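Here is a short briefing on one protein chain. Look over the sequence and the model before reading on.

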Amino acid sequence: MSVSDKTAIVTGAGSTRGIGRATAHTLAAAGWNVAILDLDEASAKDAAQEIAEQRGVQAVGIGCDVTDEASVESALAALDDSAPPVGALVNNAGITSPTRFLEVTGEEWDRIFAVNVRGAYNITRRVAPGMAERGFGRIVFLASVSAERGGGVFGGVAYSAAKAAQLGFTRALARELGPDGVTVNAVAPGLIDTDITGGALEGERKAALVAGIPVGRNGTVHDVADLITYLCREETGYITGVTYDVNGGSHIH
C-alpha cells in the first residue's frame, strides 16, 4: 500500500493564499496525487497545473459546487475516470460570517450551513463507501477554533454552530468507519493568515490579537497543511475522532 497510487481530494483549494491550496501542495510533496475541487473552476485548474509542475504528481482541477449533489456527482464521476482511487478527503471548502445572531437572517444561516455542513456531507457520502470497501481512507474536516470557544474573533453564531456540527460529524463518522480502516479527524485552526482574515491582520488589530497568542505570532497556512498531511499518512492509522487545535496556544483547554 502506498499513497502514490491514491488520490487526495481537497475541496475549496483554489484560493492562492488559502489553507486548501497549501494542503494540496503539502500532500503532493508527500507523494499523493491530488484532486482540487472548487467553485471557481479556473482557480482549481490553475492550482492543479501548479502542483503537477512543481511536485511531479498527477493533479486535476475540477469545478464543483459542494452544496449541489448533482455537481458533486459530476465532479467525482470525472475524477473516477481520470485519477487513481480516492484515499483521502480534506473537507476544506467553507465560508464564514461575522453577523451577530440578532441580525442574522434565515437565508444567511442556511447559506453558512449549506457550504460548511451539507457540502461536507455531499462529498463525504460519495467517497466514504469506496474507502471502506478498499479498507483504507483518511478524512479530515477543517473546523475552527470558533466551534470550541464560541466565536468571538471573526465568525458569528452561524459560523460557530456550523463548525461545531462538523466536530460532531467527525466523531460519529470515526466510530462508524473505524472498523473499515478509515480514520476521521478534525483540525481547528485559530488565527491563520489567509484571505479570509483579510484586513483584520493589520496594524493595531493584528498586534492585539497576536498579544493573546503564547507563541507570539499568527499562524500560517503551512502550519495547518503540515498537520493535515500528517493525519492523512498511512502510518497515522490509530488516531481517529480527534480534534486538533492549530492556534499557537491562544485557546488551551
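The notes below go from the overall fold to single residues.

This is a predicted model: local features need pLDDT of at least 70, side-chain atom pairs count only at pLDDT 80 or more, and totals for chains, interfaces and linings use all residues. Residues are numbered from 1 along each chain as its sequence is written, and side-chain values use heavy atoms, with hydrogens and water left out. The chain has eight helices and seven strands. Helices (H or I, at least four residues) and strands (E, at least two) are DSSP runs, numbered from the N terminus.

**Overall shape**

- The C-alpha trace spans about 50 × 35 × 35 Å along its principal axes.
- Buried residues make up 48% of the 253 residues. Buried means under 20% relative accessible area, exposed over 50%, and partly exposed in between (1.4 Å probe, protein chains only).
- Among contacts with a separation of 6 or more, 76% join residues 24 or more positions apart. Contact means heavy atoms within 4.5 Å.

**The sheet and its helices**

- Seven strands make an open sheet, ordered β3-β2-β1-β4-β5-β6-β7, with parallel pairing. Two strands pair if DSSP finds at least two bridges between them.
- β3 (59-63) and β7 (243-246) are the edge strands, and each pairs on one side only.
- On average, neighbouring strands of this sheet are turned by 20° against each other, direction ignored. Axes are lines fitted to C-alpha atoms, for helices over the stretch in contact, and angles run from 0 to 180 degrees between N-to-C directions.
- β6 (residues 182-189) pairs with β7 in the parallel sense over four bridges. Val 187 has Tyr 244 in β7 as its bridge partner.
- Helix α1 packs on the sheet and touches β1, β2, β4, β5 and β6. Its direction makes about 170° with that of β1.
- Helix α4 (residues 106-134) lies across β1, β2, β4, β5 and β6, at about 155° to β4.

**Nonpolar cores**

- The largest nonpolar core has 31 residues, and Trp 32, Ile 36, Val 187, Val 224, Ile 228 and Cys 232 touch the most other members. Such a core is a set of buried Ala, Val, Leu, Ile, Met, Phe, Trp, Tyr and Cys residues joined through side-chain atoms within 4.5 Å.
- Elements giving two or more residues to this core are β1 (7-11), α1, β2 (33-38), α2 (41-55), β4 (86-91), β5 (137-142) and α8.
- Helix α8 gives the largest share, six residues.
- Another core, of 30 residues, lies apart from this one, and its members include Leu 89, Ala 93, Val 127 and Ala 147.
- Beyond its neighbours within four places in sequence, Trp 32 has contacts that include Val 3, Leu 27, Phe 136 and Cys 232.

**Arg 21**

- Arg 21 sits in helix α1 (residues 19-29). It counts as buried because its relative accessibility is 4%.
- Its side chain makes polar contacts with the side chains of Asp 46 at 2.7 Å and Glu 50 at 3.2 Å. A polar contact is a pair of N or O atoms within 3.5 Å; within protein, one must be able to donate a hydrogen and the other to accept it, and residues adjacent in sequence count only if both atoms are side-chain atoms.

**Thr 220**

- Thr 220 lies in the loop between α7 (203-211) and α8 (221-231). It is partly exposed, at 30% relative accessible area.
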